[in-house]
Amino acid sequence: MYGRIDLTINLKPMDYYESAEFYPGFSEEDRVKIYSVFGGIPYYNRLVDDSVSVEENLMELLVAPESRLENEVSMYLNAEISKITNANEVFEALARGYSKYKDILDQSHVSSGPTLVDVLDKLSNMEVVEKRTPINDEGNKRKASYHISDPLSAFYYRYIFRYASQRKIMDPKVFFEKYVQEDFESIYVPHYFEEICKQYLIRRNRAGKISPVIEKIGKYYYDLPAERRNGEFDIVTQDENGYIFYAVKFRKEYIPASVIREEISQVKATGMNCYQYVFISRSPVILDGIEDPVTVITLKDLWK
């Protein structure tokens with residue numbers, strides 16, 4: 001049969017927009033939270049019940065002992081990476097938010113740099129870990145970052161695997177309130193909201209709804225030697241006119257004009273050729289007195 005295959009399909013997970021079709025009863029905020037956990041895998045999403053709260057879904061499917069998906073991640077990953085030494089340690093470090101090579105090495109306690117490189121390369125080739133580089137310095141390996149591809153795996157390692165011993169002896173609701181709730185709302189979900197916003201921009205770009213067309217999207221690295229500091233902007237797009245900066249905010253409080261000015265000032269200080277500023281926000285954005293070109297995108301806009 002060699003050479004007789006007419007079509008090969010590499011079936012990717014659904015994006016945030018398609019996944020939301022499984023739980024139309026949820027608000028836009030809750031859709032973001034659910035996608036941050038179950039991602040775009042149809043099997044996970046069909047288990048979501050939009051007639052109850054996000055917390056109840058998490059308790060029923062993941063947090064409570066003998067929950068429906070309790071062993072899903074460990075079984076899946078054991079089948080995929082059982083022969084890769086230190087894979088669990090690397091996954092736990094990534095789930096806790098450590099994405100840079102040096103930080104992963106320090107936190108995972110992998111024996112050596114070359115060993116970690118080998119683990120990350122294998123996990124990246126298997127597409128369970130994604131390697132990202134800044135759009136303005138794509139060939140620089142030292143500026144690369146690594147991220148768990150599957151949200152469910154990230155949730156599992158951040159909360160369930162990490163606090164396994166506590167989970168065994170605590171009431172599920174108490175465990176959730178102590179080890180999950182605050183971090184989930186303030187750090188975990190906002191991180192995945194950035195991914196949703198990138199998917200939104202890519203979806204519109206492919207549909208021809210963005211002009212000029214986006215040619216690159218991702219992080220932007222900046223270096224300010226005179227101030228002895230450097231860093232990254234999380235979402236920047238590049239087109240024929242230059243760069244557009246995106247600030248992604250998933251907080252309950254409104255965004256005052258002072259925050260807008262501060263973010264724009266930080267961008268200008270880097271010397272980046274930025275001609276437009278976009279704020280994608282869960283809450284209202286106040287633009288009083290802002291003279292720079294600013295566009296605001298709301299949660300509802302993401303599902304239009």
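**Aromatic pairing and the nonpolar cores**

At 7% relative accessibility, Phe233 counts as buried, a term that means under 20% relative accessible area with a 1.4 Å probe and protein chains only. The model is predicted, so local features need pLDDT of at least 70 and side-chain atom pairs count only at pLDDT 80 or more, while totals for chains, interfaces and linings use all residues. Residues are numbered from 1 along each chain as its sequence is written, and side-chain values use heavy atoms, without hydrogens or water.

The structure holds 22 aromatic pairs, meaning rings of Phe, Tyr and Trp (its six-membered ring) whose centres lie within 6.5 Å. One of them joins Tyr220 and Phe233, with 6.4 Å centre to centre and 20 degrees between the planes; the pair is stacked, as planes under 30 degrees apart are. Tyr220 lies in strand β3 (residues 216-224) and Phe233 in strand β4 (residues 229-239), so the pair ties together parts 13 residues apart in sequence. Strands are DSSP runs of E of at least two residues and helices runs of H or I of at least four, numbered from the N terminus. Tyr220, at 10% relative accessibility, also counts as buried.

The largest nonpolar core has 73 residues, of which Phe38, Phe155, Phe193 and Leu302 touch the most other members. Such a core is a set of buried Ala, Val, Leu, Ile, Met, Phe, Trp, Tyr and Cys residues joined through side-chain atoms within 4.5 Å. Helix α11 gives the most to this core, with 13 residues. Apart from it lies another core, of 22 residues, including Tyr220 and Val236.

Notes. Buried means under 20% relative accessible area, exposed over 50%, partly exposed in between (1.4 Å probe, protein chains only). Rings of Phe, Tyr and Trp (its six-membered ring) pair if their centres lie within 6.5 Å; planes under 30 degrees apart count as stacked, over 60 as edge-to-face and the rest as tilted.
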